[in-house]
Amino acid sequence: MKSILKLKTIDDIERELSIIVACEKKQKADISLSQIYDFLAESIELSIQRIGSTNKRNTINKLLGKYKFAKLISKGNYTKANQIPGFPPKDLGDADSALLRLKTSLTAFKLHSGPFAEHSVFGELDKKQWERIHGILAVFLFGYIQLFGDEKLRFAKDREQRKEKTFSEKKHNHPQKKKDDRDSKPNGHNNRKWKNKKKSHHKGNKNQGGTR
């Protein structure tokens with residue numbers, strides 16, 4: 001499901017998940033919260049746990065995988081022509097357990113420094129690339145959750161207010177330099193303009209008073 005939501009990092013996913021948990025919500029289509037949480041958690045787990053299970057990929061498949069990865073990153077979302085295989089999984093019916101699993105997998109990913117598993121389609125990916133994949137997947141999956149009322153908007157406004165407050169505090173702690181540095185200079189400097197003013201010369205004054 002296409003969404004204007006952008007999640008580029010694991011921290012972004014965690015923040016969006018905290019909003020989903022706090023808000024009143026319902027699922028779109030016949031997909032439960034446990035299916036959404038479990039599928040995303042499994043994807044994250046496999047990226048850090050399925051080490052050593054590499055697929056034999058020839059040069060063409062490698063190039064094709066890089067092309068598909070670049071195309072997905074440029075679009076930033078999954079489309080009908082590029083759906084996620086295996087979704088939705090079996091509904092285990094326990095949203096709380098699935099949520100705990102998802103939170104645990106997010107923390108594990110942040111703590112994991114490598115190595116990372118090979119993607120079944122895109123091939124070898126580093127941590128940053130896997131993070132983008134998880135973010136795009138989270139956007140797709142969270143698109144099946146509808147939040148009621150203005151709860152999500154309220155959370156967004158709260159974040160903006162916190163940012164503005166932080167910026168204001170930093171600005172207050174580091175006051176701007178005085179605009180007019182001349183205030184700190186001796187009084188004589190303030191008369192520089194007057195001193196630099198051209199003096200009027202009255203030609204012929206020396207010769208006034210008649211001829212010899």
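**View 1. Three aromatic pairs are counted in this predicted model.** Rings of Phe, Tyr and Trp (its six-membered ring) pair if their centres lie within 6.5 Å; planes under 30 degrees apart count as stacked, over 60 as edge-to-face and the rest as tilted. Phe-69 and Phe-122 make an edge-to-face pair, 5.7 Å centre to centre with 65 degrees between the planes. Phe-69 sits in helix H3 (residues 59-75), and Phe-122 in the loop between strands S2 (118-119) and S3 (123-124). They are 53 residues apart. Helices (H or I, at least four residues) and strands (E, at least two) are DSSP runs, numbered from the N terminus.

**View 2. Phe-109 pairs with Phe-116.** Their planes stand at 55 degrees, with centres 5.6 Å apart, so the pair is tilted. Phe-109 is buried at 0% relative accessible area. Phe-116 is buried at 15%.

View 3. Pro-115 lies in the loop between helix H4 (95-111) and S2.

**View 4. The largest nonpolar core has 42 residues.** Such a core is a set of buried Ala, Val, Leu, Ile, Met, Phe, Trp, Tyr and Cys residues joined through side-chain atoms within 4.5 Å. Tyr-37, Leu-40 and Phe-142 touch the most other members. Helix H5 (127-142) is one of the elements giving two or more residues. H5 gives the most, with nine.

Residues are numbered from 1 along each chain as its sequence is written. Local features need pLDDT of at least 70, side-chain atom pairs count only at pLDDT 80 or more, totals for chains, interfaces and linings use all residues, and side-chain values use heavy atoms, leaving out hydrogens and water.

How values were computed. Buried means under 20% relative accessible area, exposed over 50%, partly exposed in between (1.4 Å probe, protein chains only).
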